[in-house]
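Hi everyone, thanks for coming along. Let me put the structure up, and then we can walk through it together.

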Amino acid sequence: MNFNSFRRFTVKERFLRYVTIDTQSDPSSPAYPSTEKQKDLGRVLVNELLEMGISDAHLDEFGYVYATIPANSEKTVPAICFCSHMDTSPDCSGAGVKPIVHENYQGADIVLPDDPAQIIKMAEHPDLKNQMGNDIVTASGTTLLGADNKAGLAEIMDACYQLINNPSIKHGPIKILFTPDEEIGRGVDKVDIAKVGAYAAYTVDGENAGNLEDETFSADGGTLLINGVSAHPGFAKGKMESAIKIAGKIIAALPPGLSPEGTDGKQGFIHPVAMEGHVETATIEFIIRDFDDEKLIQHADVIRQVAGKVLQDYPASTFQLQTRPQYRNMKKMLDQHPQIVEYGLESIRRAGMDAKRCSIRGGTDGSRLSFMGLPCPNIFAGEHAFHSRQEWVSVQDMQKAVETILHLCAIWEEKS
Ligand SMILES: [Zn+2]
């Protein structure tokens with residue numbers, strides 16, 4: 001297929017517009033969406049979709065944007081969905097973002113004007129090596145940029161625009177889903193999977209151009225409860241078994257080779273994230289991560305073994321570890337529908353890149369969607385150094401993502 005007849009890309013203009021809208025989510029808020037301001041961007045996106053003629057575009061009460069581009073093919077083609085999140089990370093301010101386009105990047109340090117201490121150097125951002133001659137977008141030094149995931153939003157929106165204006169690209173039903181609160185782990189809590197009505201989905205929220213991620217961690221949470229023995233401290237000799245001290249010893253005895261700071265690649269870990277302690281009882285909250293579900297059980301057993309060993313010195317004390325599933329490696333579901341990933345890789349190649357299959361040491365909206373009946377790998381959006389003031393994305397990578405989305409729409413039609 002020839003995309004030379006395309007209209008000019010609109011992804012850059014859209015991106016520069018979306019990042020100026022503050023959509024930071026808030027983990028301490030019980031509301032849904034966690035912050036009302038996320039709907040400000042949702043309304044802008046809905047209006048732009050309606051202006052394109054996508055007449056069912058709407059924002060629901062929970063802050064989700066749904067829209068459909070009807071099929072223009074005679075064939076029966078499965079509906080596919082493209083998904084990005086509207087919120088930005090609570091870790092770094094997203095208010096008053098002032099995007100700056102650094103045209104024709106030639107490798108020099110990029111100094112961010114509102115805080116000259118913020119310098120984006122190639123030595124610290126090795127992916128910049130692939131960006132020579134490209135136009136790099138950054139924030140101004142005091143906020144994050146929000147390329148995570150407004151790059152994905154802008155790419156999907158431009159792809160919609162191109163599809164509507166290039167009827168020669170034949171496609172099946174294309175579903176659009178924009179979610180709130182992904183950064184606080186609630187991105188799909190209120191999603192209506194039946195309303196999405198797709199056979200497969202692609203989140204557009206990855207890093208390097210050409211990457212497709214079809215594996216995430218599997219994740220469990222764990223609560224270790226320690227029951228010690230309380231006594232009046234003046235008369236405690238030989239009686240007291242302090243739960244706080246037991247908890248401290250357990251944490252100190254966790255194997256360093258099974259920690260987040262001691263692992264990478266395909267290795268899993270156990271990680272204490274919070275602790276509350278008194279003399280009589282203490283609890284330690286853990287997150288447990290691995291690509292392999294079986295290993296989650298083994299990692300939980302490591303916690304039990306460490307606790308059991310520490311408690312040998314505290315004969316009147318007891319412990320109990322309870323684990324609960326958080327999300328699961330999407331690969332298990334994607335392997336049942338191999339064409340979803342194959343077509344993704346093929347689209348990347350057709351857009352002129354080397355396709356690289358990768359795994360994510362974390363979860364995505366897609367890992368949960370995959371287990372809700374909507375298998376969903378992640379394709380690149382071009383975002384880099386996300387959740388930081390040095391976040392950047394290149395205009396050219398965003399355009400590559402638009403092309404990849406269009407090829408995906410076309411391939412699903414072609415192979416049906
Ligand atoms: Zn993201």
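Let me begin with a definition: buried means under 20% relative accessible area, exposed means over 50%, and partly exposed is in between, using a 1.4 Å probe and protein chains only. This is a predicted model, so local features need pLDDT of at least 70, side-chain atom pairs count only at pLDDT 80 or more, and totals for chains, interfaces and linings use all residues. Residues are numbered from 1 along each chain as its sequence is written, and side-chain values use heavy atoms, with hydrogens and water left out.

With that scale in hand, alanine 385 counts as partly exposed because its relative accessibility is 23%. Its phi is near 50 degrees, a positive value in a residue other than glycine. Histidine 387 also has a positive phi, near 65 degrees, and is partly exposed at 29%. Both belong to the loop between strand 16 (378-380) and strand 17 (392-394). Helices (H or I, at least four residues) and strands (E, at least two) are DSSP runs, numbered from the N terminus.

Histidine 85 sits in strand 3 (residues 80-85) and aspartate 148 in helix 3 (residues 147-165), so the pair ties together parts 63 residues apart in sequence. Histidine 85 and aspartate 148 are both buried. Aspartate 148 has another feature: a cis peptide bond joins it to asparagine 149, with omega about 20 degrees. The bond from tyrosine 32 to proline 33 is cis as well, with omega near 0 degrees. As background, most peptide bonds are trans.

On a 1 Å grid over the protein atoms alone, a cavity is a set of points where a 1.4 Å probe fits but cannot get out, and a pocket is an open set with protein on both sides within 12 Å along at least five of seven lines; lining residues have an atom within 4 Å of a point. Points are joined across faces, edges and corners, and volume is the space filled by probe spheres set on them.

How many cavities of 30 Å³ or more are there? The search finds one. The largest cavity holds about 50 Å³, and its lining includes His85, Asn149 and Asp205. Strand 3 gives the most to that lining, three residues. The largest pocket holds about 900 Å³. Of its 34 lining residues, the closest to its centre are Glu182, Ile360, Gly362, Gly363 and Thr364. Glu182 and Thr364 are also among the residues lining the largest cavity.
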